[in-house]
Amino acid sequence: MSDPRIKAVAIGASAGGVQALLQILPSLPARYPLPVLVVVHVPPDRSNALVPLFQSKCQVEVKEAEDKEPALAGVVYFAPSDYHLLVEADGSLSLSSDELVNHSRPSIDVLLESSADAFGPALAGVVLTGANCDGALGLRAILDAGGVAVVEDPETAYASMMPAAALRACPSADVMKLDAIAPYLLSLGTA
Amino acid sequence: MRDGVDDLEIGLLLEALYHRYHYDFRHYARASIKRRLIQAREQLHLSSISAMQDSLLHDPSTLPRLLDYLTVQVSEMFRDPSYFRAMRETVLPHLRTYPSLKVWIAGCSHGEELYSLAILFREEGLDQRTVFYATDINPTALRAAEAGIYPLEQVRKFTANHQKSGAKSSLSDYYAADYGRAVFDKTLRSRVVFSDHSLVTDAVFAEMHLISCRNVLIYFDRPLQDRAIGLFRDSLARKGFLGLGSKESLRFSKHDAAFSDFVRDEKIYQRAEP
């Protein structure tokens, strides 16, 4: 499963997403060789707790994405509440307060589509549990750009709608149960 | 493979927009410009970004439509109520010591922030000594700001935000409901100058005591952010204030040293002594 082409990981999660990410991100080592970009839909009043929660559980550095900062290996960047997170062609991050996409800001599609644009075939995109359809078009864009698409198995996901929609848009995506996703991410970026 | 043709076409379109109409988006953060242009291409039923460029150069009605895609931000009144609370409790006590005040809302879009500040200044008794400058590059947005009309369904959120800002009055004191719209009191804009101004290409036009420019700089690349922040530095009176959006910062700017943190968590800065 090793895939040394991959230079970045982008993950989208919605309902049940915090619990799912708690089964993935704490497995990453402090010197994880890739940047990890994350959009998770959470109510705005609870969003400030997200980064501290993951900081306390993870070995890898976890931070809120800041406008125009470079995306560095070994860092997990969470989209701030009420802003879209995008990746620029030079690999730096940018934020926008554009209108909601799929009723969401941050939107998973916005992250995945701009990441696909920036990283092309060097991107692995992951769509986890959720009760909406955000992320499906973004994952499609990743495949179209030659990247790798991973979908949490809708059969076992906390909420099946979002991974099922992603799978409909990307029938060739790799379907994985939640406990297989961390080992997969660990295999990336190593020769 | 990455579709480099789109990116090439976008670069050419932005050059055309600049050379033909002097709207300079060339140093806007490209990822969100690209999203907006693709959305515009779809909604204007054009086959490509190049077709959009053709239309832009030869059909005068395309420019205003394209500008709406490229510029209009969605906002709300008293967005981030804690920012306005900090203005009320921490900044206005300083501004109160001046006999006359100039306030610049840079990138005012449809005017939500302008009316928020105008209401705040009225509640705090500073409105009669203040001139507000509301600027934007989009003439359609400026006209909307000048009209001060918002959908009534948004006003519930505006009202909740206003209350959280430490309101001393009711937002309903400032608008009349009319067929699903909230029409804001025209006396709120009796001391407002609406003007076309670009942070990209225009210069200082007055000496300000407060500049509020929120969620505008995130759309710029770093060099353009520096230009705009330099313009704010040169526009501010000694010890004047600059308020940015909650995810904007001077930390990475080359003009960082010209400002000090005033209310750090709210991204309110003060012009340092020269």
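Start by selecting Glu113(B), which is buried, with 27 other C-beta atoms within 10 Å. Here a residue is buried if 20 or more other C-beta atoms lie within 10 Å of its own, exposed if 12 or fewer, and partly exposed in between, with C-beta atoms placed from the backbone. The model is predicted; local features need pLDDT of at least 70, side-chain atom pairs count only at pLDDT 80 or more, and totals for chains, interfaces and linings use all residues. Residues are numbered from 1 along each chain as its sequence is written, while chains are lettered from A and ligands numbered from 1 in the order in which they are written.

Glu113(B) sits in helix 6 (residues 112-123) of chain B. Helices (H or I, at least four residues) and strands (E, at least two) are DSSP runs, numbered from the N terminus. Show the surroundings of Glu113(B): not counting residues up to four places away in sequence, Glu113(B) touches Ser75(B), Ile105(B), Cys108(B), Ser212(B) and Arg214(B). Contact means that the C-beta atoms of two residues, placed from the backbone, lie within 7 Å. For a distance, pick Ala257(B) as well: Glu113(B) and Ala257(B) are 144 residues apart in sequence and 27 Å apart in space, C-alpha to C-alpha.

Next, select Ala141(B), in helix 7 (residues 139-147) of chain B. Ala141(B) is buried, with 21 other C-beta atoms within 10 Å. Leaving aside neighbours within four places in sequence, Ala141(B) is in contact with Thr71(B), Val72(B), Ser109(B), His110(B) and Asp136(B). Ala141(B) and Cys108(B) are 33 residues apart in sequence and 8.1 Å apart in space, C-alpha to C-alpha.

Now colour chain B by domain. The assignment gives domain 1 (4-71) and domain 2 (81-271); such bounds come from an automatic or database domain assignment. The C-alpha centres of domain 1 of chain B and domain 2 of chain B lie 28 Å apart. Eleven residues of domain 1 of chain B are in contact with eleven residues of domain 2 of chain B. On the domain 1 side, helix 4 (residues 62-71) of chain B gives the largest share, four residues. That side of domain 1 of chain B divides into five nonpolar, four polar and two charged residues. In this count Ala, Val, Leu, Ile, Met, Phe, Trp, Tyr, Cys and Pro are nonpolar, Asp, Glu, Lys and Arg are charged, and the others, Gly among them, are polar.

Stay in chain B and select helix 1 (residues 4-21) and helix 3 (residues 49-58), which pack at an angle of about 10°, with their axes 9 Å apart. Axes are lines fitted to C-alpha atoms, for helices over the stretch in contact, and angles run from 0 to 180 degrees between N-to-C directions. Helix 1 of chain B and helix 3 of chain B are therefore roughly parallel to each other; angles under 35 degrees count as roughly parallel, over 145 as roughly antiparallel, 65 to 115 as roughly perpendicular and the rest as oblique. The residues in contact include Ile10(B), Leu13(B) and Leu17(B) of helix 1 of chain B and Ile49(B), Met52(B) and Leu56(B) of helix 3 of chain B. By class, this contact has nine nonpolar, two polar and three charged residues.

Two backbone features of chain B come next. Tyr179(B) has a positive phi of about 50° although it is not a glycine. Tyr179(B) lies in the loop between strand 4 (175-178) and strand 5 (181-184) of chain B, and is exposed, with 6 other C-beta atoms within 10 Å. Lys239(B), also not a glycine, has a positive phi of about 65°. Lys239(B) lies in strand 8 (residues 236-244) of chain B and is partly exposed, with 13 other C-beta atoms within 10 Å.

Then bring up both chains. Their contact takes 16 residues from chain B and 20 residues from chain A. Helix 2 (residues 30-43) of chain B supplies the largest share of the chain B side, four residues.

Finish in chain A. The peptide bond from Arg105(A) to Pro106(A) is cis, with omega near 5°, and Pro106(A) is in the loop between strand 6 (93-96) and helix 3 of chain A. The axes of helix 3 (residues 108-119) of chain A and helix 4 (residues 136-144) of chain A come within 7 Å and cross at roughly 10°.
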